Amino acid sequence: MDIPKIHESEYRFCLILWENEPVSAPELVRLCQERLGWKRTTTYTVIKRLGQRGVLKNENAVVTSLVSKDQVQASEIDELVEKKFGGSLPAFVAAFAKRQDLSEAELNEVQHMIDRIRKGGAR
């Protein structure tokens with residue numbers, strides 16, 4: 001399944017949706033006004049736009065997502081790796097590691113992930 005592109009402001013909206021779903025449209029308007037400073041019309045426009053793109057559904061004024069946060073994040077990472085690193089995950093990891101000071105705990109966590117993947121386990 002292709003995940004529709006979600007722009008930055010839409011992603012911030014989706015974070016609120018994922019945290020509160022299923023949520024009534026009026027409650028979502030209130031939350032977006034409180035957390036994002038949006039007007040009611042802005043929230044309803046985003047609900048409509050994301051509904052048309054298959055990101056969420058709005059039935060009887062109850063809004064629920066059709067794609068998960070994990071799916072959106074994975075799609076964004078895939079796009080980034082493809083566009084900026086020619087599809088090379090090692091090149092992405094190398095570039096990331098050069099710019100970050102990873103703690104011993106973080107390095108151990110990454111190593112455990114690699115070990116699980118090698119053993120065919122969950123990521």
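## Basis of the report

Because the model is predicted, local features need pLDDT of at least 70 and side-chain atom pairs count only at pLDDT 80 or more, while totals for chains, interfaces and linings use all residues. Residues are numbered from 1 along each chain as its sequence is written, and side-chain values use heavy atoms, with hydrogens and water left out.

## Salt bridges between helices

Nine salt bridges are found in a search of the whole structure. A salt bridge here is a side-chain nitrogen of Lys or Arg within 4 Å of a carboxyl oxygen of Asp or Glu. One of them joins the side chains of Arg49 and Glu10, with an N to O distance of 3.5 Å. This pair links distant parts of the chain, 39 residues apart: Arg49 belongs to helix H3 (residues 40–52) and Glu10 to helix H1 (residues 8–20). Helices (H or I, at least four residues) and strands (E, at least two) are DSSP runs, numbered from the N terminus. Glu10 is buried, at 1% relative accessibility, whereas Arg49 is partly exposed, at 36%. Buried means under 20% relative accessible area, exposed means over 50%, and partly exposed lies in between (1.4 Å probe, protein chains only).

A further salt bridge connects the side chains of Glu19 and Arg35, at 3.2 Å from N to O. This pair also links distant parts of the chain, with Glu19 in helix H1 and Arg35 in helix H2 (residues 25–36), 16 residues apart. Glu19 has a relative accessible area of 55% and is exposed; Arg35, with 39%, is partly exposed.

## Salt bridges within a helix and in a network

Arg30 and Glu34 form a salt bridge through their side chains, with 2.8 Å between N and O. Both residues lie in helix H2 and are four residues apart, which is about one turn of the helix. Arg30 is partly exposed at 38% relative accessibility, and Glu34 is exposed with a relative accessible area of 55%.

Salt bridges also occur as a network, which links Lys5, Glu76, Glu79 and Lys83.

## Cysteines

A disulfide is a covalent bond between the sulfur atoms of two cysteines. For this report, the rule is a pair of cysteine sulfur atoms within 2.5 Å. By this rule, the structure has zero disulfides. Cys14 is in no disulfide, and the nearest cysteine sulfur, that of Cys32, is 9.6 Å away. Cys32 is likewise in no disulfide. Cys14 is buried at 1% relative accessibility, and Cys32 is buried with a relative accessible area of 0%.

## Backbone geometry

Most residues other than glycine have a negative phi, and most peptide bonds are trans. Glu21 and Pro22 are joined by a cis peptide bond, with omega about -10°. Pro22 is located in the loop between H1 and strand E1 (23–24).

Asn60 has a positive phi, near 55°, and is a residue other than glycine. The loop that holds Asn60 runs between strand E2 (56–59) and strand E3 (62–65). Ala61, also in the loop between E2 and E3, has a positive phi of about 65° although it is not a glycine. Asn60 counts as exposed at 79% relative accessibility, while Ala61 is partly exposed with a relative accessible area of 38%.
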